[in-house]
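Here is a briefing for a reader new to this structure.

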Amino acid sequence: MKSHKKNLLQVFAFLVCGAIIFLIFYYGKSGHFFGLEKISENAKFDSLCSELFVSELSSDSLSLHFTLRDPSLYGISGSEVTLPVYNKETNRTTAVSLENARKRLKKIKRDSLYDEFSYSYDVLEYYLTSNLESCQFSYLDEPFSAFSGVQTEFPLLLSEYTFDTKKDVENYLKILECSGPYLKGLMEYEKEKSDAGLFMSDKEAIKVISWCDDFTKSTENHILVTTFEKKLDTLLAEGEISSSEKNYYISQNDRLLTTVLFPAYDSLGDCLIVLMGTGKEQAGLCHDENGKKYYEYLVKSKVGTDKSIPEIKAILTDKLQSDFLLLHSTVASLPSGAYGNFQDPLETLTPVEILEDIKMRMTSQFPFKPDESYSYTVKDVDSSLEAYTSPAYYFTPPLDAISQNVIYINRSSTHQGIDLYTTLAHEGFPGHLYQSVAFHTYCEKEKLPSLRNLLYFGGYIEGYATYTEMLSYEYAAQCGSSLSEDPSLQTIYQAVALDRSIQLCLYSLLDIMIHYEGMSAEDIAPYLHNLGITDSETIDAIYFYIGAEPANYLKYYMGYLEILECKKLAKAKWGNSYSDARFHQLLLELGPSPFPLIKEAILDTVWNGFYLLLLKNSARVVKVFSNTSFSGSSNWLTICSIISS
């Protein structure tokens, strides 16, 4: 009887284990081999993503050029050259398109998607919902931001427009033809903002007007003349165009600049002059109707966080206090006069030497060894744009030419030494360049939708780059120690890192104080005094910048703190299997995403690891069930010991 009962239990155990393994296969990574529904749902999702990808790029030839070298490979003809022109119906039609896309997404069974697609589903759902939410805040967006608006970004993109073929030159000239209607549409938007009582402050308008005047002052050595001719010289040398064609294109460029683009900028300046006085004096968003809600939306969408503004403020306040105390003790530990006598050994390094040094030092902490896909060129920002661009920036290459990476350095605001070293870590390795190429490579490998490369999550992108920047202070200390025997070097670099963190943290707090709490320049002055910033002009400049760029500092610094939080979670949940390389690999492969989804993925990885080990040891697990009587926890302990071994 006992033997018969044991045989029945063994048969039952085999059936149960077989069912478990089948379900693991069916619902896990390999489920698509068995489920026809999975194939159908994945096809629907892939189709939706492809349609959204094509739709997003087809109406904007400038974005299309910077996203794809050969649009035909992605089903885009690119034959019609266009720029998106604003009209009063734009907001309504955008909302309808977003809602339709979200409805189509909801009809797809998320649980039937492959693991790689299910995460992209969640990211897309978050992105569509967030962008749809923005449509309720009419006229609170500012396309002509005094520091990063269309007026500066548009010429910068034109100057970087690559010429690989004659067709590129012809498309570029057509884009210049479209620039008039494009800017005119945005002027109409500014007039509507004015009618709604939401026009920019006079101080902001004056800065934009001044830029327009400088931009159209003279064609001699103008950036859109010199860069155009340099690119033609390259095509001529390569035999793509003839000398007569080059001369013709130069004449057409001059004609379009003087008859279309420059007059459009003059009109923009005139438009803003007329509208001056119809806005408010510069103050936080909370002073506008629905401004406080809009700021909450901006923080949620730009940072990609689910934390409330009061929660964020509390986190920043604690971080500021802890860093300030640590900086005080760090500086106190330095010998007298250490700062004054310090000679930064990193000042001897060129940008390329710095980037190569970082690539060597990051190896143990990051998973992907840079190959030819990570090749790069370092360029200086054109002198005509130095006053209007960041200290440095990475120019993301097209998806089908991912190795054409360019890092720009603004020499007027980036100094040699530790400043340049950490800036290049932020923009290059292991920052923007490394992240961008690593994620694109993963997308290609896993055949993820190309749309993922268009979904922008600033908190992830800039937070990750800030995170790598802070890591690079340790790399800098290692490098500096190999070049100098100064015993104070490591402590000084640590102090510089803390000072950088404190500055970003304080500016993020000021962002909340200005835009959410309505503080004035006089109100924020005491906080800046604590950093030693007492000059009234400097305080006004800081207030002006933060006032014109709401949630910008939070994108960098709160994004950085969210990544540290993700790292802490991974360490806690992964236990002995945690390593920096494993965490960074997950972060890079997930790609630009909101942080709540990243945290869910970290927790899912705990189960996925168990699932993979269970699958790997399935035969041994079955043997446990078949050769022993099922006695509850003892068998599960045995199974766990098999997996852990």
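This is a predicted model: local features need pLDDT of at least 70, side-chain atom pairs count only at pLDDT 80 or more; totals for chains, interfaces and linings use all residues.

Residues are numbered from 1 along each chain as its sequence is written, and side-chain values use heavy atoms, with hydrogens and water left out.

**Whole chain**
- The chain holds 24 helices and three strands; helices (H or I, at least four residues) and strands (E, at least two) are DSSP runs, numbered from the N terminus.
- Of its 645 residues, 51% are buried, meaning under 20% relative accessible area with a 1.4 Å probe, protein chains only.
- Among contacts (heavy atoms within 4.5 Å) in the chain with a separation of 6 or more, 78% are between residues 24 or more positions apart.
- The accessible surface is about 29900 Å², and carbon and sulfur atoms account for 54% of that; the areas come from the Shrake-Rupley method with a 1.4 Å probe.

**The sheet**
- Three strands make an open, mixed sheet in the order β1-β3-β2; two strands pair if DSSP finds at least two bridges between them.
- β1 (376-380) and β2 (392-395) are at the edges with a single partner strand each, so one side of each has no neighbour in the sheet.
- β1 and β3 (residues 405-409) run parallel and are joined by five bridges.
- Aspartate 380 has isoleucine 409 in β3 as its bridge partner.

**The helix on the sheet**
- Helix α13 (residues 351-361) packs on the sheet and touches β1 and β3.
- The direction of α13 makes about 145° with that of β1; axes are lines fitted to C-alpha atoms, for helices over the stretch in contact, and angles run from 0 to 180 degrees between N-to-C directions.

Terms used
Buried means under 20% relative accessible area, exposed over 50%, partly exposed in between (1.4 Å probe, protein chains only).
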